Amino acid sequence: MRRFPPERIVCLTEETVETLYLLGAEDRIVGVSGYAVRPPRVRKEKPRVSAFTSADIPKILALAPDLVLAFSDLQAGIVADLARAGVAVHLFNQRDVAGCLAMVRTLGALVGLPERAEALAAGFEARLAEAAATVRDRPTLRVYFEEWDAPMISGIGWVSDLIGLAGGRDVFPALSRQPAAQDRIVTPEQVIEAAPDVILASWCGKRVNVDRIRSRPGWAAIPAVRDGRIHEIKSPLILQPGPAALTDGFDAIRACLG
């Protein structure tokens, strides 16, 4: 980094944007992902410099960032381009709830606000634990989370963790530990065999078609389909591995399982 703490930060994904706002460090953000929508005012306050797998490198360089924050192997190419241009980059790779909490604490340390970050993360932890305690004695519901429809992709680690904390049981827990979406592909027959009580769907920003799910061949006998328990959760709430998933995304899961 050119200076510490960094004064000019570019965020290539949504969760670091929201975390910096929650830490009271939003004035340091000089550029954001085009998908950043939390808090709502970010869309008016910050210039957009990237999508998820692409970025406007000249625009980022013109902003003269002290630090760029990225996420996952899908942004490795962007990170390499920025590194070759002499920019300091930190790439997060959290895939479960523990990782999301670690991201908050690490980001706080990177921007010189470790105490605020610890308080924020501890608050998230306490809220999740309190919610989990309220459903500990309830019957466990089997849950299938669908991240994409064609091919069908099951939920990633933090989603599986949140389902468990909300009183459910992910029907594909082993797959949830696979970071790559291509390694979480399931077949219609696997879902039929898993017999979920609830189906949650969030198609990476595409509107979920519940009727299409309901009408899949052989799915009428699935308890979730039979009982009308198919629910959409908006992608900005649950597919962002940070504050949104730990709060509003978790609450949406709880509401669907209640």
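Colleague: Which cysteine sulfur is closest to the sulfur of Cys256, and how far away is it?
Modeller: That's the one in Cys204, at 17 Å, too far for a bond. Bear in mind this is a predicted model, where local features need pLDDT of at least 70, side-chain atom pairs count only at pLDDT 80 or more, and totals for chains, interfaces and linings use all residues. Residues are numbered from 1 along each chain as its sequence is written, and side-chain values use heavy atoms, leaving out hydrogens and water.

Colleague: Is Cys11 buried or exposed?
Modeller: Buried, at 0% relative accessible area. Buried means under 20%, exposed over 50%, and partly exposed in between, with a 1.4 Å probe and protein chains only. Cys256 counts as buried too, at 11%.

Colleague: Switching to helices: how many residues of α1 are buried?
Modeller: Seven of the nine in residues 14–22, including Val17 and Leu20. Helices are DSSP runs of H or I, at least four residues, and strands are E runs of at least two, numbered from the N terminus. Just after α1, Gly24 has a positive phi of about 75°.

Colleague: Which way do β4 and β5 run, parallel or antiparallel?
Modeller: Parallel, with four bridges joining residues 67–71 to residues 89–92; pairing takes at least two DSSP bridges. Leu69 sits opposite His90 in β5.

Colleague: What handedness does the crossover have?
Modeller: Right-handed, going from β4 through α4 (residues 76–84) to β5. That means clockwise from first strand over helix to second, with the strands pointing away from the viewer.

Conventions: A disulfide is a pair of cysteine sulfur atoms within 2.5 Å.
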